[in-house]
Every structure is written in structure tokens, then in C-alpha cells.
Amino acid sequence: MAFAETPIRRSPYRLDRRVSSSQSHDNARDDRDVDPLPLAPNGVPRTSERQQDYCTPGYHEPSGSPTLSANARVEFQTIPQADSVAPRLPSRSSSPLRRPATFSPASDNSRQEEFETCQLDEPGCYVLVPTSGQNPDDNNRSNESKNYREKKIPTKKGYRKPMDETERQAIKLNRKVGVCLRCKLFKEKCRGGIPCDRCSSLKVWKSICVPAQFTEKAVFNRDIYRGRVSALIDNIRLWNPEQSNFIPSSPEHIDVYNGYGPSLKLTVHSFVPNDETLLDHILWRVAGKPSFNRLPSACYGLKEELGTEILDDYIDKHLESLVKEEMTMETAGTCSPIHGRTIKLAYDYAYSNKNLSPLVRNALRIWVIQNFFFNSPWRMCGPNYLGMNPIDDPTSKLHGVTPLPRLINQQLDFYLEDRISILEKELLAELQSRILDRNSYDWFGIFLTIYIYLSSMERDTWSLHTWENDADMLTQRVNELALQNPHWPSHRSWVWPISVSPMELMSKNEHLAEMLAYHFRTVSKGYVPFGLDWDSKQVVQMAGSEKEAVDYMKMMSQEVLRSEPYLLARVAARYSRENSNCLDGRFSSKLMLSED
């Protein structure tokens with residue numbers, strides 16, 4: 001390539017103009033191959049014959065900004081000027097220019113309007129772009145320059161093309177319903193909906209496509225007993241009333257329990273109520289006909305909050321007793337052998353050194369609390385009964401039992417309700433994290449956790465049915481109390497203290513139970529594990545090759561095969577007021593049965 005050089009003027013930045021034709025492109029020399037000019041004492045380059053010889057014939061010093069011919073290509077290079085370095089000019093080229101570019105004032109003025117300046121990305125660099133009068137050969141170059149000016153090309157790495165309407169609607173649906181579990185596990189793009197497009201095309205996954213997130217689906221955070229306790233606390237006019245010698249009454253110490261061996265020591269205080277009628281016991285939610293007669297209550301309550309450690313210790317002491325009760329029921333034939341053996345294995349797993357032992361232990365605590373609520377209500381033991389009389393109704397299952405004062409009974413139920421809500425929140429968060437981790441060593445712990453949690457939901461569903469069943473009777477008995485203020489807030493709290501109906505809460509239980517059953521199917525790669533061949537190496541690896549898991553699945557697979565009609569009947573179980581265990585297996589059996 002041959003060069004035509006213009007004189008160099010000293011400025012903060014020097015522009016080297018190189019004019020070349022397309023024919024001499026292959027012979028171009030590197031612009032670093034230059035010969036320095038000698039410097040004068042004042043630092044200005046000397047004019048030499050060599051420079052005069054190099055100048056292109058026909059060159060005239062321009063009076064204004066130089067312009068180029070239409071076929072010329074212009075390139076600019078920005079070079080910072082240093083005072084200690086002499087300006088450098090290109091040396092002679094071995095190949096002469098075919099069409100030397102000439103600059104003259106006349107040509108510059110006549111073609112000034114045929115070029116316009118276009119700024120490049122680098123600051124301070126410009127290029128002259130022909131606007132009119134160019135040759136037909138330059139059409140492509142002119143169009144590229146025009147596109148460069150008009151079209152803004154994104155330079156950020158995070159640039160994405162605009163979404164179409166279908167993709168936009170899918171994203172909205174995902175935000176509302178959530179991404180399905182399979183697409184999240186396999187890191188595929190979910191199009192939204194249940195089932196989504198990808199799962200709908202797969203036979204195994206179509207029926208178990210569920211949202212990946214379920215931590216916000218908790219069902220035990222209802223505050224039923226919080227509303228009841230609040231109404232009773234508002235009924236207190238004075239704590240620790242003065243005795244005859246003007247000394248406040250001292251606190252009392254009592255022992256309470258739920259019908260099993262372990263007991264709980266409490267410190268209670270007396271109070272003066274606004275309406276003593278609100279403290280009467282009128283109904284017990286236990287299995288059987290609710291034929292309990294009205295029973296007056298003593299004016300005692302808890303002023304100090306019951307600590308979490310004390311409550312957890314009391315709950316843990318009941319685990320062994322309740323597990324033994326399940327095994328006894330299995331021996332007597334009143335409980336499924338699958339349920340009894342699974343509960344026993346979960347108890348052993350919870351107190352072993354396994355990854356998910358704490359998670360299984362929390363699930364068992366929830367299961368124990370649900371048994372407290374309706375199977376074994378609070379009762380008094382020990383020498384101090386606070387003046388409470390035992391239940392003398394021979395038709396009641398609690399005949400001979402001495403109940404707690406109503407405020408203390410409701411406060412303890414509230415502490416259990418609050419504790420079960422916290423345990424459930426922690427359990428669902430940890431369970432979801434373990435499922436998404438896809439660690440085969442957690443497979444058996446995930447199964448035991450889900451099974452125990454579903455069994456707890458079965459007991460809770462029975463209690464919700466009982467609330468719904470007893471609503472009319474409760475309303476009738478509250479109306480018979482002849483309250484001083486019939487519009488007292490406790491009137492509503494006695495019947496049903498929250499705005500959401502029991503039927504709506506039961507629907508939430510059904511939905512969460514179905515989600516957890518499908519999540520376990522997903523962890524098992526879409527299959528029902530009880531129908532697999534547990535002598536296969538691949539199936540054993542799915543359970544992390546854990547000996548307890550493999551032995552349990554081998555034993556239970558045969559039992560599930562024999563008990564399939566019974567399990568199908570359990571899934572369709574109906575509520576009965578006479579039997580608090582009537583709904584056992586309604587949710588947990590879904591872990592063992594296939595929908596095919």
C-alpha cells in the first residue's frame with residue numbers, strides 16, 4: 001500500500017492520514033515502519049530534501065480542512081504527542097500510487113459538501129463519510145456507514161432480545177404458580193402451568209408436575225388458640241388479689257400432663273375475672289359423642305411465658321410412649337403394620353447420627369403435639385388441684401379426669417400451637433432445600449420426614465372436621481351460658497376464633513399433602529419406590545446404599561403389595577366423630593401407591 005502524507009501540525013493529538021486505494025492494499029506497510037526526521041535545536045523538525053522528494057506531485061498546502069477523493073479510504077490513528085519524541089513520517093513505499101490523492105483549496109471547497117464527519121466509538125476519533133457523489137462501487141460502504149450511524153448496537157454483555165407475547169405470559173404464570181419441580185431440578189426452561197408443557201409430554205412426570213416451592217404452604221400457622229386466649233386475658237380484671245390481711249395471694253405450683261407418664265411443673269397465679277361464666281368448661285373435643293356436662297373452673301392462669309426448651313423437653317419425653325402405643329395397636333390389629341413399623345423406624349432414625357436426624361425429630365415433635373390436641377387433653381396430677389373437681393359424667397371418655405382451669409388449658413394449647421407453627425416452618429424450609437440438593441444419602445430421611453408430617457396432617461384434618469361438626473352444638477351451649485355481655489368477643493372465639501373456615505383449612509391440608517407426595521416421587525426419579533426391585537444395584541444407589549433404607553424398603557414392598565386394597569381404602573377414608581384415627585393413611589398412603 002502506498003501513502004500520501006500531509007504535513008504534520010503539532011497539536012495535543014496528531015492525526016496520521018493514510019490514503020490508499022483498494023488495488024494497493026496487499027502491499028501496505030506497517031505504520032510503525034517510519035524514519036524519524038532530524039530535530040532542530042528548538043525541537044522543530046527540519047525540512048529536508050528527503051521530505052520534499054517524498055511529497056506527492058501536485059500537492060498544495062490547503063488553507064482549510066483537507067478533503068479526499070470519492071474512491072479514497074480514510075483511516076485515522078490517534079497518537080498522543082510527547083515533547084521528547086520527534087514526529088515520525090512513513091518512509092518511501094516501493095509500490096507507487098496508482099491514483100495519488102491531491103489536495104488543493106479549490107478541490108477542497110468544491111467537494112466540502114460531499115462529506116460529513118462521523119464519530120467513532122473511541123473518543124476523539126472521527127471519519128469522513130461521503131454523502132453524495134460517490135461512485136457506484138462505494139454503495140456498500142456508504143450503506144454500512146449509514147447503518148452504523150442509525151442503528152444502535154448494544155455493547156453490554158447482558159443484552160437480550162425482546163420477548164414475544166407467549167414467553168411473557170409464561171413468565172407471568174410462573175410468578176403466580178411457580179416453576180415446576182422437574183424443570184427446576186433439571187435446569188430446564190419451564191413454560192408455566194400445572195402440568196407444564198415439558199412434563200405434559202412425559203408419561204411419568206405428567207401426573208406429578210407440581211410447583212418446586214412449598215415453604216409458603218404451611219398449614220399449622222392458624223392462631224386458633226391465640227384468639228381464644230386473648231379473649232380470656234381480656235376478661236381478667238386483677239391479678240393476685242389481696243387476701244384478708246391485705247397481702248397479695250402467692251403463686252401456686254401444680255403438675256399437669258396429657259395422660260402419659262411425663263408431667264410438666266407450672267407456676268400459676270390467681271386473678272379476679274370480669275365474668276366468671278366465661279371460665280366454664282362446656283365441651284371436650286375427644287373421640288366419641290360430645291356429651292360433656294358444664295363444669296365450673298377455678299380462676300388461675302399463667303403469667304410467665306413457657307420456654308421453648310421446657311416445652312421441647314416435655315414433648316420429647318412422650319415420643320417413646322406414643323411409639324410404644326402405636327406398636328401395641330399394630331399387635332392388636334387396630335393399626336396398620338406399615339404405619340407402626342414406619343413410626344418405630346423414624347424414632348430410631350431421629351436419635352441416630354444421620355444427616356437428617358434433626359429433621360425427622362422435628363417431624364415427630366409435630367406428630368406428638370397433634371396427638372395432644374384431641375387424643376389426650378391436659379389434666380391435673382399431684383397433690384394440688386386448685387379446687388378443680390373431676391369429670392363425673394359416666395358417658396364421657398374423660399370420666400374421672402380432673403381438667404385444668406380453662407385459662408391454663410387454653411394457654412398451654414396456645415404454646416403448643418405456636419411451637420408447632422415454628423417447627424413446621426423450619427421443617428418445610430429444610431425439607432425443600434434437601435429435595436432440591438438431590439443428594440441420594442438424604443433420600444430415606446426425606447421419606448421418613450414426609451411420612452411423619454403427612455400422618456400429623458391426618459390428625460389435624462380430623463380435628464378440623466370436629467370443629468366443623470361441633471359448631472352448632474358449641475353455639476347452642478354458649479347461648480345457654482347467660483353471659484353478662486352476649487356480644488363479648490369470647491362468644492365468637494368459643495365457637496371458631498378465626499376468619500378462615502375449617503373447610504378451607506382442610507382444602508389446604510389436601511393440597512400440601514398432594515404436593516409433598518409428588519415431591520417424594522420426584523426425588524425417586526418419578527417412580528413409586530415400593531414398586532421397584534430393591535435387589536437392583538441402580539435402585540439401591542437411589543437410596544444412597546443406606547442399609548436401613550434398603551432393608552426397610554425390601555420388607556415394606558412386600559407388605560404394600562399385600563395391603564394394596566387396604567391402602568386404597570385409606571386414601572378414600574371418611575370422617576367419623578367416634579374414631580379419631582379414622583383418617584389415618586389418607587395422605588401417607590399416597591407415598592406407596594401409584595396412580596396408574
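User: What is the bridge partner of L238 in β11?

Analyst: The partner of L238 is V272 in β11. This is a predicted model, where local features need pLDDT of at least 70, side-chain atom pairs count only at pLDDT 80 or more, and totals for chains, interfaces and linings use all residues. Residues are numbered from 1 along each chain as its sequence is written, and side-chain values use heavy atoms, with hydrogens and water left out.

User: What makes β9 and β11 a pair?

Analyst: Two strands pair if DSSP finds at least two bridges between them. Strand β9 (residues 236-239) and β11 have 3 bridges, in the antiparallel sense. So they count as paired.

User: How do you know that β12 pairs with β11?

Analyst: Strand β12 (residues 300-301) is joined to β11 by 2 bridges and runs antiparallel to it. S270 stands opposite Y300 in β12.

User: Why is β11 called largely enclosed?

Analyst: Buried means under 20% relative accessible area (exposed is over 50%, partly exposed in between; 1.4 Å probe, protein chains only). In strand β11 (residues 264-273), 7 of the 10 residues are buried, so the rest of the structure largely encloses the strand.

User: Why are α12 and α14 called roughly parallel?

Analyst: Angles under 35 degrees count as roughly parallel, over 145 as roughly antiparallel, 65 to 115 as roughly perpendicular and the rest as oblique. The axes of helix α12 (residues 357-374) and helix α14 (residues 443-469) cross at roughly 15° and come within 9 Å. Therefore the two helices are roughly parallel.

Note on methods
Helix = DSSP H or I, 4+ residues; strand = E, 2+ residues; numbered from the N terminus. Axes fitted to C-alpha atoms, helices over the stretch in contact; angles between N-to-C directions.
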